[in-house]
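Dear colleague,

I am passing on the structure below, and my notes on the sheet, the aromatic rings and the core follow it. Please read them with the model open beside you.

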Amino acid sequence: MTETMTYTSLDQLPITLRADELAAVLGISRAGAYTLMRSKGFPTIFIGKRMVVYRDKFIQWMDEQVSA
């Protein structure tokens, strides 16, 4: 996907985020998003070889990072 996604609020995020969407939200590379999605403690869901994260779990994870 070559199109750059821009979100102005968390409510605009899709229910599940792919690596490219996660990268756009966090302002990191797609490779960085894949690394994050494979890291311990990140709420990734594996569907076959596909990796996604639920929007609500991602927001919760971000909140926990701020609190840590």
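T16 stands opposite Y54 of strand β3, and L17 faces V53 in that strand; strands here are DSSP runs of E of at least two residues, helices are runs of H or I of at least four residues, and both are numbered from the N terminus. The model is a predicted one, in which local features need pLDDT of at least 70 and side-chain atom pairs count only at pLDDT 80 or more, whereas totals for chains, interfaces and linings use all residues. Residues are numbered from 1 along each chain as its sequence is written, and side-chain values use heavy atoms, with hydrogens and water left out.

β1 and β3 (residues 50-54) pair in the antiparallel sense over two bridges, where pairing requires that DSSP find at least two bridges between the strands. β2 and β3 also run antiparallel, joined by four bridges, and one of the facing residues is I47, whose bridge partner in β3 is R50. These two strands form a hairpin with two residues between them, and G48 in the turn has a positive phi of about 65°.

Taken together, the three strands form an open antiparallel sheet in the order β1-β3-β2. β1 (16-17) and β2 (44-47) stand at its edges with a single partner strand each, so one side of each is left without a neighbour in the sheet. Helix α3 (residues 55-67) packs on the sheet and touches β1 and β3, contact meaning heavy atoms within 4.5 Å. The direction of α3 makes about 70° with that of β3, the axes being lines fitted to C-alpha atoms, for helices over the stretch in contact, with angles from 0 to 180 degrees between N-to-C directions.

Turning to the rings, there are three aromatic pairs, and ring pairs link F42, F58 and W61 into a cluster. Rings of Phe, Tyr and Trp (its six-membered ring) pair if their centres lie within 6.5 Å, and planes under 30 degrees apart count as stacked, over 60 as edge-to-face and the rest as tilted. F42 and W61 are edge-to-face, at 4.8 Å centre to centre with 75° between the planes. F42 counts as buried because its relative accessibility is 7%, and W61 does so at 16%; buried means under 20% relative accessible area, exposed over 50% and partly exposed in between (1.4 Å probe, protein chains only).

Finally, leaving aside neighbours within four places in sequence, L22 is in contact with L17, A33, L36, M37, F42 and F58.

Best regards
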